[in-house]
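These are my notebook entries on one protein structure. I set down in order what I looked up.

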Amino acid sequence: MTEGGVYVYAIIPAGEALPADAVGVGSPPAVLRLIRDGRVAAVVSDAPPQLRARRRDLMAHQDLLLRLTEGGPVLPMRFGAVAPDETTVRAQLAGSQAEHLAMLRHLDQSVEINVKALPAQDALAAVVAEEKDVRRLREAVRRRPDYQANVRLGEAVATALSRRASEAGKKLLHELTPMARAVAAGPEVPGCALNVSFLVERSEVDAFQETVRRFADAHMESVELRVAGPLPCYSFVSSRGLRPTAAGV
């Protein structure tokens, strides 16, 4: 057994080589190696002692995955997947090989792009101009200012901002979905009207991002968009059969 376990970064086709000079997590950075079984291989290293989600290691993990995607399809592992030994990893590869191969084919030549939609931060003037209830409450505060009236006005503004962002998010989702090979809803984020990841072919990334930019410009009084990517395809990898037995961190 490797002391501290085996850190697993990704699963790739067995014929793929590691990127030149690529290294893993830890300080000093861990030396990478491949564990092959049949037609798939796991990219691994020795797990560093006292592994924690430090920025340095998070970036090293993601940078390696992005470099791997340049060479071919990748089933990325989330940060911190640790198996007790190589035998465990090899057994997992053998037991789920057909599933891994099918998913690798599905993800080939694709990346993940995440889009979040939040209420516009500088849209008060538009809200007042376009929302009758907000305009009425604002006039009431001007005529007779008091604490409760201000609270009602603040709540009405917040509600209107959230609703406008949600409506814009639905329009954006409708516009972007035909441009993606698959769509995956992300976890709820406080204050976020939309959190969705798109599986996009590499050849379509520029067009996809340009569509998002145009939409953001056209709806800046309703929504603020935050785009992350290209990313490893985390959201489109089934968890079944991909987590090493006794994953550690």
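Entry 1, terms and model. I took buried to mean under 20% relative accessible area, exposed over 50%, and partly exposed in between, with a 1.4 Å probe and protein chains only. Helices (H or I, at least four residues) and strands (E, at least two) are DSSP runs, numbered from the N terminus. The model is predicted: local features need pLDDT of at least 70 and side-chain atom pairs count only at pLDDT 80 or more, while totals for chains, interfaces and linings use all residues. Residues are numbered from 1 along each chain as its sequence is written, and side-chain values use heavy atoms, with hydrogens and water left out.

I noted 7 helices and 9 strands in the protein. Of its 249 residues, 47% are buried. I then looked up contacts (heavy atoms within 4.5 Å). Among those between residues at least 6 apart in sequence, 77% join residues at least 24 apart.

Which residues of H2 are buried? I found Thr 88, Val 89, Gln 92 and Leu 93. They lie on the same side of H2 because they cover an arc of only 135° around the axis; the arc is that of the directions from the helix axis to the C-beta atoms. An α-helix has 3.6 residues a turn, so residues three or four places apart point the same way. On the other side of H2, I recorded Thr 87, Ala 91 and Gly 95 as exposed. The cover over the buried residues of H2 includes strands E1 (6–13), E2 (33–37), E3 (40–46) and E5 (82–83), together with helix H3 (97–107).

Thr 88 is placed in H2, residues 86–95, and has a relative accessible area of 16%. I checked its side chain for polar contacts (a pair of N or O atoms within 3.5 Å; within protein, one must be able to donate a hydrogen and the other to accept it, and residues adjacent in sequence count only if both atoms are side-chain atoms). The side chain of Thr 88 makes one with the side chain of Asp 85, at 2.6 Å. Asp 85 also has a side-chain oxygen that reaches to within 3.3 Å of the backbone nitrogen of Thr 87, at the start of H2.

Most residues other than glycine have a negative phi, and most peptide bonds are trans. I therefore listed the exceptions here with that rule in mind. A cis peptide bond joins Ser 27 and Pro 28, with omega about 0°; Pro 28 lies in the loop between E1 and E2. The bond from Gly 229 to Pro 230 is also cis, with omega near 5°, and Pro 230 lies in strand E9. Asp 21, not a glycine, has a positive phi of about 65°. Asp 21 sits in the loop between E1 and E2 and is exposed, with a relative accessible area of 73%. Gln 109 has a positive phi of about 65° and lies in the loop between H3 and E6.

What is the volume of the largest pocket? I noted about 280 Å³. Among its 16 lining residues, the closest to the centre are Glu 112, Asn 114, Lys 116, Ser 197 and Ser 235. On a 1 Å grid over the protein atoms alone, a pocket is an open set of points where a 1.4 Å probe fits, with protein on both sides within 12 Å along at least five of seven lines; lining residues have an atom within 4 Å of a point. Grid points are joined across faces, edges and corners, and a volume is the space filled by probe spheres set on the points. E9 gives the largest share of the lining, 4 residues.
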